[in-house]
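These are my notebook entries on one protein chain.

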Amino acid sequence: MSLTQIDHPLIRERLTRLRDASSDTATFREAIHDIARLMCFEVTRDLETTEHSVESPLTTTTGYKLARPVVLVPILRAGMGMLAGFTDILTEASVGHIGMARDEETLEPKSYYFKMPPGLWQADVILIDPMLATGNSSADAADQLKADGAKNIRFVCLIAAPEGIEAFQKRHPDIPIYTASVDEKLNDKSYIHPGLGDAGDRYFGT
Ligand code: URA
């Protein structure tokens, strides 16, 4: 089981802006975009590459390309907030979408949308959801990806609760988790404490 906390001064500083309840929508969007870009570097660090020769203006030398196509999968809706940071770097990536909504009564996730590019089985899939709270919606989303053929999945969040990490890893010990912060706990409404509130509401200004 793999959990990587990406610790970087710029991430820590931007995360503080996200946590700050007085940050407006523009500040929140800019900070989450920056963090996603910074995280992308670490999340993709061990992607496999293959060698091929390339003609430089001077000579023939060794070049590299990604061994597999990359598919980014934000979980709607909050995952959309981190998508642009990843597509800034992975301009060639395809994007699939999974719609999961939390039933505010039962707190259980419900899937309402699933649309993937073809050939998921041969791709490196990066599942994106900013808040790993109970872990149920992310783990359900990973179930759906595996059922659709995905074999190489990694999961990226901004903030993870210890409870969510445990629940996710129990169901998907093969999927590495990348996060910018492991926070203290879940509260009785399954919000992450100290967290940043509702990531979707704050990103979309709802
Ligand atoms: N989803 C959020 O947006 N925030 C939390 O704290 C937990 C789940």
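I looked up Asp-88 and found it partly exposed, at a relative accessible area of 34%; buried means under 20%, exposed over 50% and partly exposed in between, with a 1.4 Å probe and protein chains only. The model is predicted, so I note that local features need pLDDT of at least 70 and side-chain atom pairs pLDDT 80 or more, while totals for chains, interfaces and linings use all residues. Residues are numbered from 1 along each chain as its sequence is written, and side-chain values use heavy atoms, without hydrogens and water.

I then looked up the partner of Asp-88: a salt bridge joins its side chain to that of Arg-37 at 3.4 Å, N to O. A salt bridge here is a side-chain nitrogen of Lys or Arg within 4 Å of a carboxyl oxygen of Asp or Glu. Asp-88 belongs to helix 3 (residues 80-89) and Arg-37 to helix 2 (residues 25-43), 51 residues apart. Helices (H or I, at least four residues) and strands (E, at least two) are DSSP runs numbered from the N terminus. Arg-37 is partly exposed at 39%.

Next I checked Asp-124, which meets Arg-68 in a salt bridge of 3.2 Å, N to O. Asp-124 lies in strand 8 (residues 124-128) and Arg-68 in the loop between strand 3 (60-66) and strand 4 (70-76), so the pair ties together parts 56 residues apart in sequence. Asp-124 is buried, with a relative accessible area of 2%.

Buried residues make up 45% of the 206 residues.
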